[in-house]
There are 2 protein chains.
Amino acid sequence: MPGRCGSQYADHPRRICAAFRRMTIPRQAILDILNTSKHHMSAEDIYLAVHQFYPQIGLATVYRTLELLTQEGLVSRFEFGDHKARYEIVRSDQTHHHHHLICIKCGRVVEYSDFIDEELDLIKRVEAGLTEKYNFNIKTHLIQFYGLCGQCQIQQ
Amino acid sequence: MPGRCGSQYADHPRRICAAFRRMTIPRQAILDILNTSKHHMSAEDIYLAVHQFYPQIGLATVYRTLELLTQEGLVSRFEFGDHKARYEIVRSDQTHHHHHLICIKCGRVVEYSDFIDEELDLIKRVEAGLTEKYNFNIKTHLIQFYGLCGQCQIQQ
DNA sequence: CTCCTTATTGATAATGATTATCATTTGCAT
DNA sequence: ATGCAAATGATAATCATTATCAATAAGGAG
Ligand SMILES: [Mn+2]
Ligand SMILES: [Mn+2]
Ligand SMILES: [Zn+2]
Ligand SMILES: [Zn+2]
C-alpha cells in the first residue's frame, strides 16, 4: 500500500516528504486520523483513535509525528486553556481558514470564519509592516477571542 | 502601611478589592513586582524577584495570586511556546495595549503597538459580529504572529 | 484594643502532559 | 537481498502547575 513517500496523500505529498524522511505505518495512520476525524484532538485523542486500528502504536510516536507535522506547517497546534495541546490538520484549501472563540468558563470552542476575509486582509498588511520594521519573517498568526458562551452567561 | 484593601494601588483599587478579599503582604509584594519589573515574567521569575524582599513567600502563593489577578483581568497570561506561562500587568492606560511577535526558533518576543489602532478597530467590529452570531460575551482577545527573527533568518 | 471568623499562607506532595532514553525494528536506497 | 540510518515502542524522567492541610493573620464586630 505505501508506494513512495506520501503518495496517497494527494493533498500534501511534497510537504509530507519534506516532513518525513520515511513513510511508516504509524505516520500513515496518524495522518488518516487527522484527515478524517473532527478538529481539536489532543495527542491522547489521536493516540486512542489510532490505537483502534493499530494497537501497537505508542503515544510517544504520536507526539513525535505531531511535532514534525507542526514544524512543517501541515498541522496547527492550539492551546485553548486547559493545559493540553490540540491539533488540527491544515487544509491546503484556503477556504477552511478559521479562528477560534473560546468560553473561559466551560472551555467550549467555536470555529468561525465570518469576518475571516477582513481579518486576513488586515493581517496581511500588518505582517508586511512588521516584517519591514522588525525584520521578522512571519510564518503564521494566532487569533483567538475569549469570553462567555450563551450557556455560561445564564448560569450567573 | 496597608490601610484598606488596595488603597495604595492608585491604578486599580476597586478591581483589586474585587479580586482580593484581604490585602496581604505577599499580594502587595507581587503587585509591586508586576508594576515595576519588565514584562513577560514567568511565575518563577516573579517568585524569585519577590523572594529578594520577602524570602518567606512561597511559590504556591505566587501562582494563586497570579490566577486571581488573571481572572479579574488585572493581569494577562501569555504562552509563547516554551510550555511556561508569562504574565504582565494590564495598565488601565489603553495606550499600552500591544500584541506580540514571537520567533519560533530562539523564542525572542517583540512587543509591537504599530497597527494596533487598526487592529483594535477591526477587533471591535469582529467582536460585535461574533457576539451577535454566536451569543458570546467576549472579554479578551489574543493576537500573536510567529516567524523568524533577523538573527535566526541568517543562521540558516 | 481584643476577639473571632475564615481567607490566606507556606511547605510539601501529587498531578499530568510532554520529553528523553535506549534497545529493537524497519524503510528504502543501493 | 543487504546495510544502515531513521523510526519505533516501552518506559522513565521532567517540570510547570495544582492540591493538600495545618498554621497564620486580615479585618470586621463589639
Ligand atoms: Mn479549529
Ligand atoms: Mn507584552
Ligand atoms: Zn461556556
Ligand atoms: Zn530568533
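These legends describe close-up views of a predicted model.

**View 1. Chain A and chain B are related by a rotation.** Turning by 180°, with 0.0 Å of shift along the axis, superposes chain A on chain B. The RMSD is 0.0 Å. This is the relation of a two-fold axis. In chain A, the C-alpha nearest the axis belongs to A:Ile143 and lies 2.3 Å from it.

**View 2. The copies meet through the same surface.**

**View 3. The largest nonpolar core has 30 residues.** A:Leu101, A:Phe145, B:Leu101 and B:Phe145 have the most contacts inside this core. Elements of chain A that give two or more residues to the core include strand E4 (99-103) and helix H5 (116-134).

**View 4. A:Phe145 touches residues of chain A and chain B.** Among its chain A contacts are A:His100, A:Leu101 and A:Tyr112. From chain B, A:Phe145 touches residues including B:Ile123, B:Val126, B:Leu130 and B:His141.

**View 5. The manganese ion (ligand 1) has protein donors from chain A.** The donors are A:His40 (NE2), A:Glu88 (OE), A:His98 (NE2), A:His100 (NE2) and A:Glu111 (OE). They lie 2.1 to 2.4 Å from the ion. Their spacing in sequence is H-x47-E-x9-H-x1-H-x10-E. A:His40 and A:Glu88 link distant parts of the chain, 48 residues apart. A:His40 sits in the loop between helix H2 (25-36) and strand E1 (41-42), and A:Glu88 in strand E3 (residues 85-89). Both A:His40 and A:Glu88 are buried.

How values were computed
Residues are numbered from 1 along each chain as its sequence is written. Chains are lettered from A and ligands numbered from 1 in the order in which they are written. This is a predicted model: local features need pLDDT of at least 70, side-chain atom pairs count only at pLDDT 80 or more; totals for chains, interfaces and linings use all residues. Side-chain values use heavy atoms; hydrogens and water are left out. Copies are superposed by least squares on the C-alpha atoms of residues with pLDDT of at least 70 in both. Contact means heavy atoms within 4.5 Å. A nonpolar core is a set of buried Ala, Val, Leu, Ile, Met, Phe, Trp, Tyr and Cys residues joined through side-chain atoms within 4.5 Å. Buried means under 20% relative accessible area, exposed over 50%, partly exposed in between (1.4 Å probe, protein chains only). Helices (H or I, at least four residues) and strands (E, at least two) are DSSP runs, numbered from the N terminus. Donors are N, O and S atoms within 2.8 Å of the metal (3.2 Å for Na, K and Ca); water is not among the atoms, so sites may look incomplete. Lists of a residue's contacts leave out its neighbours within four places in sequence.
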